Amino acid sequence: MAENALVNRTRFTTSIKNELYSALDELTRQTRIPKSRLMDEAIEDLLKKYEKRAAE
């Protein structure tokens with residue numbers, strides 16, 4: 001079986017609320033932006049949010 005060569009990405013598994021998944025799926029359809037790219041943006045925003053709190 002061939003390995004997926006992810007050079008600039010790391011694969012991980014998680015679960016989210018059904019409502020969030022449905023909204024993410026709809027956003028992906030509307031914007032044509034892949035879920036992985038939307039998740040990158042969301043995680044970056046979350047890290048910035050908590051970075052600000054830690055600095056206070």
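Biologist: Which residues lie nearest the centre of the largest pocket?

Modeller: In this predicted model, R9, T10, F12, S36 and M39 lie nearest its centre, and 17 residues line the pocket. Helices α1 (18–31) and α2 (35–55) are the elements that each give two or more residues to that lining.

Biologist: Which element gives the most to the lining?

Modeller: That is α2, with five residues.

Biologist: What is the volume of the largest pocket, and how do its lining residues divide?

Modeller: The volume is about 540 Å³. The lining holds seven nonpolar, six polar and four charged residues.

Biologist: Is F12 buried or exposed?

Modeller: F12 counts as exposed because its relative accessibility is 56%, and the cut-off for exposed is over 50%. F12 sits in the segment before α1. Together with M39, I43 and L47, F12 makes a nonpolar surface patch of about 390 Å².

Biologist: Turning to charges, what does the side chain of R9 meet in a salt bridge?

Modeller: Its partner is D40, at 3.0 Å from N to O. The pair links distant parts of the chain, since R9 is in the segment before α1 and D40 is in helix α2, 31 residues apart. R9 is partly exposed at 40% relative accessibility, and D40 is partly exposed at 31%.

Biologist: How many salt bridges are there in total?

Modeller: The count comes to four. Among them, R29 pairs with D25 at 2.5 Å and with E26 at 3.1 Å. R29 and E26 are three residues apart in helix α1, about one turn. Shared partners join D25, E26, R29 and K35 into one network of salt bridges.

Definitions and conventions. Residues are numbered from 1 along each chain as its sequence is written. This is a predicted model: local features need pLDDT of at least 70, side-chain atom pairs count only at pLDDT 80 or more; totals for chains, interfaces and linings use all residues. Side-chain values use heavy atoms; hydrogens and water are left out. On a 1 Å grid over the protein atoms alone, a cavity is a set of points where a 1.4 Å probe fits but cannot get out, and a pocket is an open set with protein on both sides within 12 Å along at least five of seven lines; lining residues have an atom within 4 Å of a point. Grid points are joined across faces, edges and corners, and a volume is the space filled by probe spheres set on the points. Helices (H or I, at least four residues) and strands (E, at least two) are DSSP runs, numbered from the N terminus. Ala, Val, Leu, Ile, Met, Phe, Trp, Tyr, Cys and Pro count as nonpolar, Asp, Glu, Lys and Arg as charged, and the others, Gly among them, as polar. Patches are made of residues with over 30% relative accessible area and no salt bridge: like charges are joined within 9 Å, nonpolar side chains (Val, Leu, Ile, Met, Phe, Trp, Tyr) within 5 Å. Accessible areas come from the Shrake-Rupley method with a 1.4 Å probe; for residues, only the protein chains shown count as cover. Buried means under 20% relative accessible area, exposed over 50%, partly exposed in between (1.4 Å probe, protein chains only).
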